[in-house]
Amino acid sequence: MAHGAVGSLKLTIERLKNSSYISIVQNSSPETIEHLYEEVCSFQDALEEFDKRRNTINMKMVKTLEAEIMDVVYQFEDVIESYVLDQIHSQSEESHHRDQIHPPSMLFSVDLQELKQGVDSFIKTVKKMKRAYIHELRNPSPEEEEEDDDVVPSRINFGGNHEPMIGFSEHFIELRDLFTNNYEDPSRMIFSLDGMAGIGKTTLATKLFQDPSIVSCYTRRAFVTIGPKYLLKNVLLHILVQLNPSLEISDVDGETLAMLERMVRNSLKHQRYFIVLDDIWDEKLCSALKKLFPDDDNRSLVLMTTRIGDATDIAHDCRYDLPLLDKKDSWVLLRQKVFGQEACSYELEKAGKKIAENCEGLPLTIVTVANILSKSEKTTEYWNKVSDEKDSIYYDAYDQMSKVLLPSYDYLDQRLKACFLYMGIYPQRHKIPSIGFFILYSLWNAEGIVYSAEQFREKVYRLKMVEMFDLDPCSYYIFEFSLKHLIINDREKLCYSLHSSFWYMCNKEAVKNKFFYAFNYSAGALPEEDLIYQRRLCMQNNVLLAIQDVQDSIASSSMVRSLLCTGNFHEYPVPLCLEQLRMLRVVHAFTIRFYEFPMEVLKLVQLRYLSLCFNGNIPSSISKLWNLQWLIIGQKLIVENKSSCNMPMEIWDMKELKKLDVGGKKLSDPREGSFLPNLLGLHGLHHQSCTKDVFEKIPNLMELSIVISSSHDNGDQPLSCFDHVSHLHKLQSLVCIIQNPTFEAEVVAPLAPLSYLPSSLTKLYLSGLGYPWEEMSKISSLPNLTHLYLKFYAFRGPKWEVRDDEFQRLAYLEIEDSDLVQWTFQNDRCIPAIHVLRILHCYKLKEMPTMFGASLLAVSVVDCSPMAVNCANKLQQDWDDKYEKDKSSSEFYVHSSWDDGSFSHDSPY
């Protein structure tokens, strides 16, 4: 978390250095701020040495040092921001007393001379702390033994030694058959068993290791549990003594690492062996061990278990992801753990099924809750209370599970820790749609807890996963958290969530690290004296009630930087009570409907990020927020009302803006000399504002989202918005959505040609346009297009044939709600670079291609016709036959509500 605190300070200094509205007085030594910035950057780099040494560190000592670092950094950030803000307010007051209106272009003069001594002292402290931190990483302090009271074991007993594993019997049988059958390929197989913490990986691996039919197939066996902290020498020692029962560790403890490696290799040579490497965290360890396991074409097996999916990427041949339990198996496991062979009454069973469902399919949660229930009164009244989540039993369980879950956070890369905790700002079990992750990423940016674009290119872009999937920064974080099994990925609804156990951990760690405090978070109210140290206040559930809590505590929170309203949408006016929160940099109030613009927001000159839901006119005084970089305006209902759909002319004076979402409103034509050089994203733009004059004033725009209220808007041609997009030479992402489109019975010619799209485009999202499929050739020729989303009859007609020269770089294709019947490829060279294919709600689709190339990694076919499902199944079979050696790198998800009786026309989005 220290990394996030330093990142926040770094962004604060950057804004001070680079703001168009702040001039540092020359006699106050401008080099002081440069020196400070360099030291802070160096400090952040030093903290990242943790990533290289985490497998040997004393975590308790490192966390103690990081807590001290956070305190020092936060205190200094408070000092410097308060000082600068006082000077700005003073100059604003002087301007006001002289009856001058403060123009947005006016410079504020900031004299840092009085801060020089404090800056020098901070730099001295930072250097000292940096040395101490690096020394601790490189020379870990001796560790004290920890007490294990009230801690659940990480290994879950799903049943007795001879009983089937509840919920995992099918997985056990499938893997046992795979490991015992003489499959066609005789080469050594390295198999990775993946899943989130507490899902049962170790238990399943143990059952497989001990199964008699597997034991009889192998002449050498070893089972080694590794964990996040390890020494390669110790791993080798434990493998050796199991391969050679006559050996004791003391016999070989003095050998060199090279000798131990040679001994392991020789012990396995020409043997059919089965090695289990349990709880792997480190890719380097996988790589080192893989070299020691000889491949003598005798069907030897190495089974790795991991919660960190990318830890075994370099080594494995096959990957197997363990899923969460369904409701039925969750109840069976809970009942077995609470009652054993005893009977369970109908009343308790009814409540018990709901209790099991509340555990959200994680076996460790189910077993822990069951253990608490077994020691409590088995009355209907108590169980109903637990089932309605009116008892603390779940939080008690999460506390007991913390030793198992917390390492998933503690050992994260430094660049990911603050972002992961930040996901806890949402209510429990909140599902974040894909577009919601982009809002979350904007918040991370405004808070300074993610890399800048330049840092991302320098430190992250060359990672294998980023290159392979052509990930943008936001998608990279989703990918990382998914791969590390920290978030749950609902592939059908394309949304993400935290398991409640992780949500609880995020909230608890956030408070402990002074990162954020959530009102209505049920783990207990924070003492008022501690609120002053929290950097963010969050309202997760009932906003109106939470606002009252905020008002009651606001005097203690004057240093709060962010106010985050993340609960369900609130229809009624809510006072924000911002008067005493003058240091606010982020106000995220998108879930509150404002009937009048909250004018008190305009006093927050530190504000970098503002989001709210407001249907009326944005006041021209919005330009007072000269520091604002993210402005997101949502509308409850987008209504075509020309008197209330214009953004103020003064928006063109807000030079710092990076992202602007106007919620379907129109932009006023820019005045002479208007220019938004930093604007990178413009969203929700009314189609009538897509003019040459507008686009020429935002030349650096990379993302554009256009909203068309109707395909027949008073007789004009709404799709003429494409005519001037070619002026955006840096545009990479284009979204065009027609809301509530109407279609003629026959497919008509397009209202505007698509040939005007800039060649720089990499992502294109179209919805409701109703183009004939023949027009696809205008898109398929875009040389840099990698992602294509076709939603709600973006194209119409029964047949689409892809030619072999089209979509040469397309990696992601999604088609949803289409009347397409026959989709074919001209030959097997079509869409050669495709990684991900998603087909959803195409009820008329009868034929789809089955000859994709080796680049294909994931296929989803959801709620399409039975014939489309058959095509998808054939594609999977052909894939398995053609790429059997690498089939673990492809994932197929085929679901049809026709089969399970739950058919619905409702979109999963």
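1. Two strands count as paired if DSSP finds at least two bridges between them. Strands themselves are DSSP runs of E with at least two residues, and helices are runs of H or I with at least four; both are numbered from the N terminus. Strand β9 is joined to β10 (residues 495-497) by 3 bridges, and the two run antiparallel.

2. Some ground rules. This is a predicted model, in which local features need pLDDT of at least 70 and side-chain atom pairs count only at pLDDT 80 or more, while totals for chains, interfaces and linings use all residues. Residues are numbered from 1 along each chain as its sequence is written, and side-chain values use heavy atoms, with hydrogens and water left out.

3. Back to β9. It belongs to an open sheet of 3 strands in the order β8-β10-β9, with antiparallel pairing. Strands β8 (432-433) and β9 (488-490) are the edges, each pairing on one side only. Aspartate 490 stands opposite cysteine 495 in β10.

4. Next, strand β14 (residues 586-594). Because 8 of its 9 residues are buried, β14 is largely enclosed by the rest of the structure. Buried means under 20% relative accessible area, exposed means over 50%, and partly exposed lies in between (1.4 Å probe, protein chains only).

5. The partners of β14 come next. Strand β13 (residues 562-565) pairs with β14 in the parallel sense over 3 bridges. Leucine 564 has histidine 588 in β14 as its bridge partner. Strand β15 (residues 609-614) is parallel to β14 too, joined to it by 6 bridges. Here valine 586 has tyrosine 609 in β15 as its bridge partner.

6. Two backbone angles deserve a look. Arginine 299 is not a glycine, yet its phi is positive, near 60°. This arginine 299 is in the loop between α12 (283-290) and β6 (301-306). Isoleucine 831, also not a glycine, has a positive phi of about 40°. Its loop lies between β27 (822-825) and β28 (836-840). Isoleucine 831 counts as buried because its relative accessibility is 1%.

7. Finally, confidence. pLDDT is the predictor's confidence in each residue, from 0 to 100. The protein chain averages 86, and 86% of the residues score at least 70. Where pLDDT is low, the predicted coordinates should not be read in detail.
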